[in-house]
Amino acid sequence: MIMPAILMTDVFYGLSLFDILGIMTKWLIYIGVTTSLGGFLMTLMNARSITRKRQIDTSTRSAVDDLSGYMRKGAMIGILAVVMNFFIQVGSFAETGLAGMWDPLMTEILWQSSVGGSISWRIAGFVLVLLATLMPVKRTGFVKKSALGLLLMATLCLAYSFTLIGHSADMDDLGKCLVAIHVVAIGAWIGSLIPLWIMCGRLEAQSLKGGMDLFGKQAIFIVAVVVITGLILLSLLFNSPSEFIDTGYGRAILTKLFIISMILAIAALHKFHLVPKLDGKAQESGSLAVTGDEANSAGILKRSIGVEILIAALILTTTAVLSSVLGPQNLA
């Protein structure tokens, strides 16, 4: 972790109070977005397993209730963070201290800009998530399809909001489309980690193995989308490889790539070592009852996912810094 610390030192030098508050609230917005997208992915995964009569959770009602609560909390955090972030930006533009956060002229100017548009789409997305989670817990038929439809519309609103501000606003249509896809993919991946972590403490070995296998199949596609869209976006943001070393934005990107490589390594550890080992323990036991070895394997997997969650939080922090106080020379 020494490398990221060194590379990020120049990034944090000279930040104002509004810069720091902006980064903190943006990090909370990302928490709200990833929670919504990850909860949606897990809801789809749960619905798919039920359709195939291979429930990943022995208590479906409880699982749906937990996912709804998870997304609801994330959406509420997201709405509060979006509002706070807007007035922090107003205060930063007004340049009259904290009192400038309520400057009516700056508020009107910022609201009529692309920033206001982004805020509208984000709040619309979070409200749609709230509506979906307030539907009956035991969703079936039309109610279930309506909830999934609302979550799909919420995903589109949240993804589109990222194309209106920051470096994305200066990109062409291809770049904005890639940004939206990248946000959905990495948001769904990071946001599904906490539900997976909870599953490790709830399910017996064979059900947990089934759930992790199902997620692993989705994760391969998600990681491929994250990597491909990320590489194309880097080619659009940088004119030459030397900018990775010569600019603060490039060094911050290197830091983010280093952290992402860590989380990819942990994901590979889960898929190729810990999850198969869990299956082996289940087969050896020949029973659905939880044995000591199974509990130990699930415990190791749970702790490993816990580490993955911490690294994901670090990725969101780096992204918040990159999108707040740094920018590529290509779009300067």
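Ile29, Val82, Asn85, Gln89, Val115, Ser118, Ile119, Arg122 and Ile165 line the largest cavity of this predicted model. A cavity here is a set of points on a 1 Å grid, over the protein atoms alone, where a 1.4 Å probe fits but cannot get out, and lining residues have an atom within 4 Å of a point. Searching the whole structure turns up one cavity of 30 Å³ or more. Volumes are the space filled by probe spheres set on the grid points, which are joined across faces, edges and corners.

Two helices, α3 (60-94) and α5 (114-133), each put at least two residues into the cavity lining, and α5 gives the most, with four. Helices are DSSP runs of H or I with at least four residues, numbered from the N terminus.

A quick word on ground rules: residues are numbered from 1 along each chain as its sequence is written. Because the model is predicted, local features need pLDDT of at least 70 and side-chain atom pairs count only at pLDDT 80 or more, while totals for chains, interfaces and linings use all residues; side-chain values use heavy atoms, with hydrogens and water left out.

Now for the open counterpart, the largest pocket. A pocket is an open set of points with protein on both sides within 12 Å along at least five of seven lines. The table puts the two spaces together; Ala, Val, Leu, Ile, Met, Phe, Trp, Tyr, Cys and Pro count as nonpolar, Asp, Glu, Lys and Arg as charged, and the others, Gly among them, as polar.

| Space | Volume | Lining by class |
|---|---|---|
| Largest cavity | about 50 Å³ | five nonpolar, three polar, one charged residue |
| Largest pocket | about 910 Å³ | 24 nonpolar, 10 polar, three charged residues |

The pocket has 37 lining residues, and those closest to its centre are His182, Val183, Leu233, Lys256 and Thr319. Helices α2 (17-51), α7 (173-191), α9 (205-237), α11 (248-285) and α12 (292-325) each supply at least two residues of that lining.

Asn85 sits in helix α3 and counts as buried because its relative accessibility is 8%, where buried means under 20% relative accessible area, exposed over 50% and partly exposed in between, with a 1.4 Å probe and protein chains only. The Asn85 side chain makes a polar contact with that of Gln89 at 2.8 Å; such a contact is a pair of N or O atoms within 3.5 Å, and within protein one must be able to donate a hydrogen and the other to accept it, with sequence-adjacent residues counting only if both atoms are side-chain atoms. Beyond neighbours within four places in sequence, Asn85 is in contact (heavy atoms within 4.5 Å) with Gly22, Thr25, Lys26 and Ile29.

Leu28 belongs to helix α2 and is partly exposed, at 30% relative accessible area. Setting aside neighbours within four places, Leu28 touches Ile77 and Ala81. Leu28 and Ile77 are 49 residues apart in sequence, with C-alpha atoms 6.8 Å apart.

Further along, Glu95 falls in the loop between α3 and α4 (104-111). Glu95 has a phi near 55°, a positive value. Most residues other than glycine have a negative phi. With 70% relative accessibility, Glu95 counts as exposed.

Finally, the largest nonpolar core has 78 residues, with Leu208, Phe215 and Leu301 making the most contacts inside it. A nonpolar core is a set of buried Ala, Val, Leu, Ile, Met, Phe, Trp, Tyr and Cys residues joined through side-chain atoms within 4.5 Å. Helix α9 contributes the largest share of this core, 12 residues.
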